[in-house]
Amino acid sequence: MAKLYFKYGVMGSSKSAQTLITKFNYEELGMRVWLIKPSVDTRDGAGVIKSRIGLQATAQVITPEQNIVEEYHKVGKHDVIIADESQFFTSQQIDELRELVDKEELPVLCYGLRTDFTTRFFPGSMRLMELADSITEIKMICACGRKATVNARLDASGKVITTGDQVFLGGNDSYTAMCHKCWKQKQAE
């Protein structure tokens with residue numbers, strides 16, 4: 001049975017690694033995977049999904065203006081759609097992924113962040129929370145040992161900041177996963 005899946009976690013929780021492992025598992029069974037990612041994610045190159053542990057694969061880049069249903073019909077039939085950095089898709093594009101689940105009987109697995117560095121939903125994540133058949137948290141821990149739930153953004157000196165554009169691409173030098181209590185405490189420092 002086809003479903004829309006949303007698998008979310010904080011920065012560093014292995015979302016991209018799990019995306020690529022899932023792709024491998026489907027392909028090992030002889031299934032065709034359409035691997036996609038939003039165009040805003042250019043950290044590792046326009047058409048590349050790369051995990052911190054070194055796994056990587058080529059993905060089709062989807063711009064905010066593109067209709068995912070139309071793009072799917074252009075690339076031809078696949079057995080599954082796997083999307084990385086799904087928080088950066090538009091709400092409309094999440095609706096289009098839902099349409100592919102319903103009309104094409106395709107499983108669609110979306111991996112991404114739930115919230116930004118201010119603990120607010122990304123538009124794509126909010127729509128996934130509204131529409132997904134299955135929602136799974138990929139857990140991570142804070143340095144204090146509690147469950148990390150916040151993607152804390154850091155300035156050049158390592159201090160937690162809470163202002164700025166919602167989308168700012170960065171790695172371990174720009175973000176760290178924290179529990180809410182540590183995040184609030186670090187803001188006061």
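**Figure 1. Strand E1 and its parallel neighbours.** Strand E8 (residues 134–137) and E1 run parallel and are joined by four bridges. Within E8, Ser-134 is the bridge partner of Tyr-5. As in every view below, the model shown is predicted. E1 also pairs in the parallel sense with strand E7 (residues 108–112), over five bridges. In E7, Val-108 stands opposite Leu-4.

**Figure 2. Aromatic pairs, including Phe-6 with Tyr-8****.** Three aromatic pairs are found in a search of the whole structure. One of them joins Phe-6 and Tyr-8, with 5.7 Å from centre to centre and 35 degrees between the planes, a tilted arrangement. Phe-6 counts as buried because its relative accessibility is 0%, and Tyr-8 counts as buried at 11%. The rings of Phe-88 and Phe-122 also form a pair; their centres are 5.6 Å apart and their planes lie at 85 degrees, so this pair is edge-to-face. Phe-88 belongs to the loop between strand E6 (80–83) and helix H3 (91–104), and Phe-122 to the loop between E7 and helix H4 (123–131); the pair therefore ties together parts that are 34 residues apart in sequence. With a relative accessible area of 18%, Phe-88 is buried, the cut-off being under 20%. Phe-122 is likewise buried, at 4% relative accessibility.

**Figure 3. The largest cavity and its lining****.** The structure holds one cavity of 30 Å³ or more. The largest cavity contains about 80 Å³ of space. Its lining is formed by Tyr-8, Gly-9, Val-10, Arg-114, Thr-115, Glu-137, Ile-138, Ala-148, Thr-149 and Asn-151. These lining residues divide into four nonpolar, four polar and two charged. Tyr-8, listed in this lining, is also the partner of Phe-6 in the tilted aromatic pair.

**Figure 4. The surroundings of Thr-162****.** Thr-162 is located in the loop between strand E10 (160–161) and strand E11 (175–178). Its relative accessibility of 34% is the reason why Thr-162 counts as partly exposed. Not counting residues up to four places away in sequence, Thr-162 touches Phe-117, Thr-118, Trp-183 and Gln-187. Glu-85 is 77 residues from Thr-162 in sequence, and the two are 21 Å apart in space, C-alpha to C-alpha.

Conventions:
Residues numbered from 1 in each chain as written. Predicted model: local features only at pLDDT ≥ 70, side-chain atom pairs only at ≥ 80, totals over all residues. Heavy atoms only, no water. Helix = DSSP H or I, 4+ residues; strand = E, 2+ residues; numbered from the N terminus. Buried < 20%, exposed > 50% of the residue type's maximum accessible area, 1.4 Å probe, protein only. Contact = heavy atoms within 4.5 Å. 1 Å grid on protein atoms, 1.4 Å probe; cavity = no way out; pocket = protein on both sides within 12 Å on 5 of 7 lines; lining within 4 Å. Points joined across faces, edges and corners; volume = space filled by probe spheres on them. Nonpolar A, V, L, I, M, F, W, Y, C, P; charged D, E, K, R; others polar. Pairing = 2+ DSSP bridges. Phe/Tyr/Trp six-rings, centres within 6.5 Å; stacked < 30°, edge-to-face > 60°.
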